[in-house]
Number of protein chains: 2
Amino acid sequence: MRLKSYFPILDWGRRYNRQTLTSDLMAAVIVTIMLIPQSLAYALLAGLPPEVGLYASVLPLVAYAIFGTSSALAVGPVAVVSLMTATAVGRVAAEGSVDYASATIILALLSGVMLTLMGLFRLGFVANFLSHPVISGFITASGLIIATSQVGGLLGIKTEGHALPELLVSIYENVGNINLHTVAVGAVALVLLLWIRLDLKNWLTRFGLSKAVATTIVRAGPVLVVFLTMGWSAGMDLASKGVSLVGDVPQGLPMLALPNVSLDLVQQLALPALIISIVGFVESISVAQTLAAKRRERITPNQELIGLGASNIAAAIGGGYPVTGGFARSVVNFDAGAATPAAGAFTAIGIAGATLLLTPFLAILPKATLAATIVLAVLTLVDFSILKRAWAYSKADFAAVAITMSGTLLLGVETGIALGVGTSILIFLYRSSTPHAAIVGQVPGTEHYRNVKRHKVETVPGMLSIRIDESLYFANARYLEDLVFEQVAANAGITDVVLMCSAVNAIDMSALESLEAIEHRLKDAGVRLHLSEVKGPVMDRLAHTHFLKNLSGGVYLSQHQATTGVLASRVANTTQTAA
Amino acid sequence: MRLKSYFPILDWGRRYNRQTLTSDLMAAVIVTIMLIPQSLAYALLAGLPPEVGLYASVLPLVAYAIFGTSSALAVGPVAVVSLMTATAVGRVAAEGSVDYASATIILALLSGVMLTLMGLFRLGFVANFLSHPVISGFITASGLIIATSQVGGLLGIKTEGHALPELLVSIYENVGNINLHTVAVGAVALVLLLWIRLDLKNWLTRFGLSKAVATTIVRAGPVLVVFLTMGWSAGMDLASKGVSLVGDVPQGLPMLALPNVSLDLVQQLALPALIISIVGFVESISVAQTLAAKRRERITPNQELIGLGASNIAAAIGGGYPVTGGFARSVVNFDAGAATPAAGAFTAIGIAGATLLLTPFLAILPKATLAATIVLAVLTLVDFSILKRAWAYSKADFAAVAITMSGTLLLGVETGIALGVGTSILIFLYRSSTPHAAIVGQVPGTEHYRNVKRHKVETVPGMLSIRIDESLYFANARYLEDLVFEQVAANAGITDVVLMCSAVNAIDMSALESLEAIEHRLKDAGVRLHLSEVKGPVMDRLAHTHFLKNLSGGVYLSQHQATTGVLASRVANTTQTAA
């Protein structure tokens, strides 16, 4: 059982049959055709030779097929992770150098080891700290940076930088070197790709093709554009006209190997690897869960970490660079009917074959074609509506989005995401350190108690019931003290204070000391302190404390019983005094 | 009014009279006598010449008298901040160098500016993030480090380091160089100081002295020990016997000046200055509030920040080093009857006079006397009982204390406190990311609903009421989804799910999207989703959302109304179906 949970293949492998095989093979063919241009393009985005993108689309897919739990997730190079790779590795090595290539491999290895360890230690919850607004803002900003970074490729000029200001300056400075032949190739590729995406399907079905055939042709479209521009390049000898081509690439598949790992490089790449791992995981798990929900399947997040970890280790061994589950390709894989992770393994075989066949011809492919592919792919990532939606719902969420977005655009991906996570955590901490509190009274005709400011309620003279809407912990312990004394000072003649604890989910040691201080000072002033609606887990902890043993008032199951109890004890006191 | 809040002196100054003057003068004399040996000793601890301690006890006291709000707080050099200063400055300059002295001045200046800005921007709440367990653990560990750092001074050997391992190794390596004359001076000073603290008062009152006179003599004790060992040093020519003396110091008071501030140094010292500021502020405000409570006075935390900020800027101008409000001296000031902050200004005059008189004689003072003064002073800081109390109350609090304590001892003060704060925040975030939740039912005979596992309650078939004990935010949004579907899957025949939101103090955008996802999937499964006991502030936010407008069920004021409402709607449905 335990073995099976770490090797999901042992589970679905036993149920494998002819029908799932056919579905998986069909999906694999379609995804292979889609992945080829994307893999080439994203490698270029990562600052690597295009063939590395193909290498990164072979072994990782096999590894995921063994360890992954999603039947539809298609792993491989993706846009955002490629940009993050370029940013991280660009700091430690010069693009195009041997050091650069080996640093990307170390980055993949580190990321793989981290993801695997996080999976084994069940640390998947860490990903929850990337809130939805932060991720949305980050992806949109990354998409903009990526699109801008490809402008150079489309214009035939060289640009530098991984954040918007540098890129824009770099484009502006080189605007005089624009190569019009490159612009022509880029423009044709862009227009064709856009037309293929928006209109080709309708056009084909109008010519009588079935929807399924039309969809397949549309998906093969980008590959056709690659072949078309290759032909253009060869026929018109674009190289002699200054158009930047991919150039000679080593034939065949790389030898399996691990790079020499230097401790120094590991230290420099550790933090970027961690950020890439978490961002990649969040992107991947969101896609996997969305698709799983459609088929009522279940994804195991911690096992997904292991699956992605294995994929990245495999990427390192196979000469690739960091990979994760991609949104567009997974949807295609799903739509094409992929029934098990085996579809990924078949895709890997397809890509391996394509690598062997394609590499001799890649030399003549204009880089502008790949730039156009990237621009088309990432424009779907850009979505500013999150800003509007966040603004409408909560200014705090808006702040998190805006800071993530502007931080990413202006300061780069790593700083941007760190700022976003930091901001959302700080907002949460700040809010919980200055909690909302309400004085409550009884809703007439019920045993329910609500805020006196919002509801028409009845209160008992001399009895102050305060509901604190937050767990009591170190950051708001002092706040609680101030609050109680302000309220007692503002309401003369108070004899009983009830803390209604229905929203208090925990009381830590600092808060316990504040409660003791409150109890002490109230006792000095002749005021009794009561508690009501204390939750089970909180009560368990308080049970053996000095505070509870010496409490001047009572502890009541409900606020209503507290009211009744306080009134009854007053009557008893009066009777005693009278007697 | 506004001016008065920034210059509390304008307030209490108007009420100043002969009586308060007498009280303040009395207190000033006693605190001056107490401060002299402490100031000398703490400067030594900070790696500075002893007279710097005196300089740091003049202008800062005047500044606090103008800007501070506590009538009893006595600012000046304190043990923990001195250790932190030595740690921070020891990294950027060699002890005894001119650079070292100017770095401490820059540190005081930075700390002063930071505290003032925090006060002006009302950021006093930041101090709340130093929880009580963390501060207790930190102070105890600091006390141990300080005491160990003085062992060298008591044995006449040179030691190095600001964390326990280095110090112990350093003592061990130099144990052969022990100077027995120094040991004798140190031992006599220690025994005398201990005897003065523990027994002198009883002894004096037994000889017929009044309690007040006895108390004053006890407080002057440490100064007497200073004079005694000075005499010993001069009479026996201890210098020739290898006893380390304070040595020649510049006479008079330093010129008022600000150091040349280098940007590089500012960058290196900024973070330590921030930590020193916050730790100093927390120490100071705790003392001030404790003493204010005894006299039913009020402390304004944000104005206290300005007061301490002004003190540290004054320390920088007057050639001192970072200062804050000290516990022992403030208590003495309070007991001696200090009525207004003017007592501090008078103390400053006393110390200035002492500086002029004392400096010529300081040369012959054995450093071992100052080491003994420090050891005695810091042993009161060491209190391991916090470990036991935290363990008994909560393992999470214990973890925070233990990590702070061991981090401080082994890795130094800055790392220790950072680890402590980081641990307590992480524990809080982790806990709130995996919240407690309960299925609730009606407590018979009441309208109160509690956990089915803890109370004998009644539930309605087909209706699942879940109370989530946490605000819903990004870190637990996914958790909530899983929880609801697990529960629905585990309980067959569910037609209505009620989320009881009495403990939900906020719903952020990520959580809203999770709620939408839950609503969607429940609707698909033919299950209605209801909300109950949604708080006002949460409802305000939800009011205009898509989620609430499309909610399949109702929103009920109380859980009891939700139960009644669901039952009523079922009857209505049945009637409709029947009709």
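## Helix 11 of chain B

In this predicted model, the buried residues of helix 11 of chain B are T182(B), V185(B), G186(B), A189(B), L193(B), I196(B), L200(B) and L204(B). An α-helix has 3.6 residues a turn, so residues three or four places apart point the same way. That is a handy thing to keep in mind while you look down this helix.

What do these buried residues pack against? Their partners in chain B are helix 9 (151-155), helix 12 (211-235) and helix 17 (367-379). Helix 11 itself covers residues 180-206 of chain B and is not straight: a kink of about 60 degrees is centred on D199(B).

## A buried threonine in chain A

Turning to chain A, T373(A) is part of helix 17, which spans residues 367-379. Is T373(A) buried or exposed? Its relative accessibility is 10%, so T373(A) counts as buried. Once neighbours within four places in sequence are set aside, the contacts of T373(A) are P37(A), A41(A) and L193(A).

## A serine that touches both chains

S424(A) sits in helix 20 of chain A, residues 413-433. With a relative accessibility of 5%, S424(A) counts as buried because buried means under 20%. Apart from neighbours within four places in sequence, S424(A) is in contact with S131(A), V134(A) and A400(A) from chain A, and with F474(B) from chain B.

For a sense of distance, take V323(A), which is 101 residues from S424(A) along the chain. The C-alpha atoms of S424(A) and V323(A) are separated by 27 Å.

## How the two copies are related

## A nonpolar patch on chain A

V113(A), L117(A), L120(A), F121(A) and L123(A) together make a nonpolar surface patch of about 440 Å². One of these residues, L120(A), belongs to helix 7 of chain A, residues 98-120. L120(A) has a relative accessibility of 42% and so counts as partly exposed.

Notes. Residues numbered from 1 in each chain as written. Chains lettered and ligands numbered in written order. Predicted model: local features only at pLDDT ≥ 70, side-chain atom pairs only at ≥ 80, totals over all residues. Heavy atoms only, no water. Patch = residues over 30% accessible without salt bridge, like charges linked within 9 Å, V, L, I, M, F, W, Y side chains within 5 Å. Areas by Shrake-Rupley, 256 points an atom, 1.4 Å probe, with all protein chains shown as cover. Salt bridge = Lys/Arg side-chain N within 4 Å of Asp/Glu carboxyl O. Helix = DSSP H or I, 4+ residues; strand = E, 2+ residues; numbered from the N terminus. Buried < 20%, exposed > 50% of the residue type's maximum accessible area, 1.4 Å probe, protein only. Bend = angle between axes of the 7 residues up to and from the residue. Contact = heavy atoms within 4.5 Å.
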